[in-house]
Amino acid sequence: MECNYCNSSNNSIIYEWTRLEKNNILRCNNCGLVFKEISDSKKDIELFYKKKYRKIETLPVQTPEEHYNDKVSKKDANDRIRFITENIDLNGKKILEIGSASGCLMEKLHDAGAEVEGIELNDEYRNFSKKLGFEVFQKPIEDSNLVELYDVIISFHTVEHFINPKSAFESIYTALRSEGNFIGEVPNQNDWRIKIFNDEITKRFHYDPNHYYYFSPTVLKNYFETCGFNKIKLETVERYNSIFQLKNILCNTYSKMNIEDILEKHIIPKNETDDVRLPHVDDQIEMEFNRLFEKSVNSELLGNCLRFIAFK
Ligand SMILES: [Zn+2]
């Protein structure tokens, strides 16, 4: 399989699992891009996102209403609007959100004074968010022929699902007006859990069958520069509960348990105590530790997720 960034076919298998499925994860020996070996066609993958993606059992199965009301979606939307408005004045701006899901973030962008449109491939999620009053397209950006229409394009945790990121980034660049911004977040391939510990549970959780590309800060910056962006700002954030994860890795808590059981429990939490995604907001010491930890790992761009602003 050819590297999407540099076209080299010289790559090595670095892992053979994506959560509960057997799949090869490859690393390009020329540029360092990490990607999943894919045999499905672009058409098959699009159909999967339109009809099946939100219903597969290796993800929390959620209706659009459940996603819209989920506490993780709400926390994500609040964090994201804070990050966006700290960096960009949204008043009067025309914005496109790629991967707009149930519309939680579109509503917040609208409330901040922007004119908002979305792209969401999934039929049910798209219909739900259209009922909130937004124009939501169903075509991937690279097939949409959008030229200099938007001041800001936003994409949180969608870029890793793109089949051809290079072509998508080029289309995003073209769809932006001059001095427009592309802003969003991807899982970080330099995540401290992978970069420092690289233990079995971390790898099984990190490599996800629906993520086709894994970007390190350097690889992501190279992509954006190649597509024409002239300045790139990067930072990392911790999306989940850092102290919980660190404690489990350091104490080797999982060593005697069945790996599949742990993955199932944490990917699809059945009750509050199994839900390890969010920090406990009532625990002051935990909150303070997580805040300091996030700041420290960000200084080396080693956080869970990589946030970017690319300037046209
Ligand atoms: Zn490459």
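Reader: Which residue in β11 does Pro187 stand opposite?
Author: Pro187 faces Cys305 there. Keep in mind that this is a predicted model: local features need pLDDT of at least 70, side-chain atom pairs count only at pLDDT 80 or more, and totals for chains, interfaces and linings use all residues. Residues are numbered from 1 along each chain as its sequence is written.

Reader: What makes β8 and β11 a pair?
Author: Strands are DSSP runs (E, at least two residues; helices are H or I, at least four), numbered from the N terminus, and pairing takes at least two bridges found by DSSP. β8 (176–187) and β11 (305–311) share seven, in the antiparallel sense, so they count as paired.

Reader: What is the order of the strands in the open sheet?
Author: The seven run β6-β5-β4-β7-β8-β11-β10, with mixed pairing. β6 (135–137) and β10 (231–237) are at the edges: each has a single partner strand, so one side of each lacks a neighbour in the sheet.

Reader: How do you know that α3 and α4 meet?
Author: Contact asks for C-beta atoms, placed from the backbone, within 7 Å. Ser73, Lys74, Ala77, Arg80 and Ile81 in α3 meet Cys104, Leu105, Lys108 and Leu109 in α4. The axes of α3 (71–87) and α4 (104–111) come within 9 Å and cross at roughly 35°; axes are lines fitted to C-alpha atoms, for helices over the stretch in contact, with angles from 0 to 180 degrees between N-to-C directions.

Methods:
Contact = placed C-beta atoms within 7 Å.
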